[in-house]
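Please consult the sequence and the model while reading.

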Amino acid sequence: MGKPMVMGRRTFESLGGPLPGRRHIVLTRSPAWSAEGAEVARDKAQALALAGDVPEIAVVGGTEIFALFLPEADRVELTEVHFDAQGDTFMPSFDPDQWTETWREDHSAGDGHPAFSFVRLERRR
Ligand SMILES: NC(=O)c1ccc[n+]([C@@H]2O[C@H](COP(=O)([O-])OP(=O)(O)OC[C@H]3O[C@@H](n4cnc5c(N)ncnc54)[C@H](OP(=O)(O)O)[C@@H]3O)[C@@H](O)[C@H]2O)c1
């Protein structure tokens, strides 16, 4: 909340509309694309320039966008859902030589949702 978010065009469209309290910087290669609530960037440099001089940017996917920004990332906030599911969109794997788990909060299943954990990874320096 409050941090500029950077995302791919498909992730933005999957939200069903802008989320409150955050800027949405959306990467697309399409010159014609625009949407209410989206600040459009054509490449990584433009996305960073739009974000401006802020302490943190939240990169929220999908696959290509995670890969593009991972070299600059120093913290990963993951939600692990304890449920076996088929997937069609994937995060990069995190090399334990480069990333260390610094925080974990486990939540039980309930109200129709499976158990899940909030997990923080920080880049080893
Ligand atoms: N669970 C989660 O936390 C989470 C997080 C993120 C996404 N998702 C899900 O993942 C799916 C979307 O992810 P995705 O990987 O398919 O797509 P995506 O990364 O959100 O969007 C891909 C699009 O981003 C644009 N793009 C990618 N790299 C670019 C670059 N270097 N420069 C300029 N534009 C670039 C292109 O848009 P154009 O085709 O317009 O050129 C590309 O088609 C959705 O179903 C979403 O719900 C889930």
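The shell around the ligand comprises six nonpolar, nine polar and six charged residues; here Ala, Val, Leu, Ile, Met, Phe, Trp, Tyr, Cys and Pro count as nonpolar, Asp, Glu, Lys and Arg as charged, and the others, Gly among them, as polar. The model is predicted: local features require pLDDT of at least 70, side-chain atom pairs count only at pLDDT 80 or more, and totals for chains, interfaces and linings use all residues. Residues are numbered from 1 along each chain as its sequence is written.

**Ligand shell**
- The ligand is surrounded by 21 residues, a residue being near a molecule if its C-beta atom, placed from the backbone, lies within 6 Å of it.
- The closest residues are G8, T11, S14, G61 and G62.
- At least two shell residues come from each of β1 (5–8), α1 (9–15) and α3 (63–69); helices (H or I, at least four residues) and strands (E, at least two) are DSSP runs, numbered from the N terminus.

**Sheet**
- Four strands form an open sheet in the order β3-β2-β1-β4, with parallel pairing; two strands pair if DSSP finds at least two bridges between them.
- β3 (38–41) and β4 (58–59) are the edge strands, each pairing on one side only.
- Two bridges join β1 and β4 in the parallel sense, and V6 stands opposite V59 in β4.

**Loop residue D88**
- D88 lies in the loop between β5 (75–81) and β6 (99–107).
- D88 is exposed because 6 other C-beta atoms lie within 10 Å; the cut-offs are 12 or fewer for exposed, 20 or more for buried, and partly exposed in between, with C-beta atoms placed from the backbone.
- From C-alpha to C-alpha, D88 and R29 are 21 Å apart in space, and they are 59 residues apart in sequence.
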